[in-house]
Amino acid sequence: MILVILGLVLSVGLNVLLLWYIRQTLKRLLFASENFGWLSESLKNFSDHVQNLHELEMFYGDTTLGHLIEHSKQLVEDMKRFEDIYTLLEDEAYDREEETE
């Protein structure tokens with residue numbers, strides 16, 4: 001009987017510990033998701049800004065800006081590969097918003 005009670009207490013303690021660990025992991029995932037989304041948007045804005053700068057008459061045809069534009073576009077494309085990760089939580093929040101409306 002004592003072994004059953006000891007096993008039950010140990011099981012409850014282990015479950016509480018695992019729930020705490022899962023909660024901490026999900027908080028970190030949410031933090032990373034928000035930051036990836038922000039970084040992706042920031043890179044897109046930077047790429048657009050450099051493109052607009054390159055199109056100005058003063059800088060039109062500048063090869064350094066041309067290379068910077070290509071590099072920024074490549075960074076935006078690289079971030080799109082990870083889009084499914086950082087939009088995972090945003091999609092769920094969007095689905096919940098649609099259900100409440």
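A residue is called buried under 20% relative accessible area, exposed over 50%, and partly exposed in between, with a 1.4 Å probe and protein chains only. Lys 44, for example, is partly exposed, with a relative accessible area of 37%.

1. Basis of the model. This is a predicted model, in which local features need pLDDT of at least 70 and side-chain atom pairs count only at pLDDT 80 or more, while totals for chains, interfaces and linings use all residues. Residues are numbered from 1 along each chain as its sequence is written, and side-chain values use heavy atoms, with hydrogens and water left out.

2. Confidence. The predictor's confidence in each residue is its pLDDT, on a scale from 0 to 100. For the protein the average pLDDT is 81, and 84% of the residues score at least 70. Among the elements, H1 has the highest mean pLDDT (88) and helix H4 (residues 88–100) the lowest (58).

3. Secondary structure. Helices (H or I, at least four residues) and strands (E, at least two) are DSSP runs, numbered from the N terminus. The protein has four helices and zero strands, and the order of its elements from the N terminus is α-α-α-α.

4. The helix H1. Helix H1 spans residues 2–55, which gives it 54 residues. From its first C-alpha to its last, H1 reaches 80 Å, close to the 80 Å expected at 1.5 Å a residue; the expected span is 1.5 Å times one less than the number of residues.

5. Burial and surface. Of the 101 residues in the protein, 14% are buried. In H1 the buried residues are Ser 33, Gly 37, Ser 40, Leu 43, Ser 47, Val 50 and His 54. The protein exposes about 8700 Å², of which carbon and sulfur atoms supply 65%; accessible areas come from the Shrake-Rupley method with a 1.4 Å probe, and for residues only the protein chains shown count as cover.

6. A contact means heavy atoms within 4.5 Å. What does Ser 47 touch, leaving aside its neighbours within four places in sequence? The residues in contact with Ser 47 are Ser 72, Lys 73 and Val 76. Ser 47 counts as buried because its relative accessible area is 6%. Val 50, also found in helix H1, is buried at 3% relative accessible area. Beyond its neighbours within four places in sequence, Val 50 is in contact with Leu 65, Leu 68 and Ile 69. The C-alpha atoms of Val 50 and Ser 72 are separated by 8.4 Å, although these residues are 22 apart along the chain.

7. Contacts across the sequence. Taking contacts between residues at least 6 apart in sequence, 53% join residues at least 24 apart. Glu 83 is partly exposed, at 37% relative accessible area.

8. Salt bridges. Side chains of opposite charge can pair when their charged atoms come close. A salt bridge is a side-chain nitrogen of Lys or Arg within 4 Å of a carboxyl oxygen of Asp or Glu, and the structure holds three of them. In helix H1, Asp 48 and Lys 44 lie four residues apart, about one turn of the helix, and their side chains meet at 3.0 Å, N to O. Asp 48 is partly exposed, with a relative accessible area of 33%.

9. Glu 77 and Lys 80 lie three residues apart in helix H2 (residues 63–81), about one turn of the helix, and form a salt bridge at 3.7 Å, N to O. Asp 78 and Arg 81 form another, at 2.7 Å, N to O; being three residues apart in helix H2, they are separated by about one helical turn. Asp 78 is partly exposed at 24% relative accessibility, whereas Arg 81 is exposed at 61% relative accessible area.

10. A nonpolar patch. Patches are made of residues with over 30% relative accessible area and no salt bridge, like charges being joined within 9 Å and nonpolar side chains (Val, Leu, Ile, Met, Phe, Trp, Tyr) within 5 Å. One nonpolar surface patch, of about 940 Å², is made by Leu 14, Leu 17, Leu 18, Leu 19, Trp 20, Tyr 21, Ile 22, Leu 26 and Leu 29. Leu 26 has its place in helix H1.
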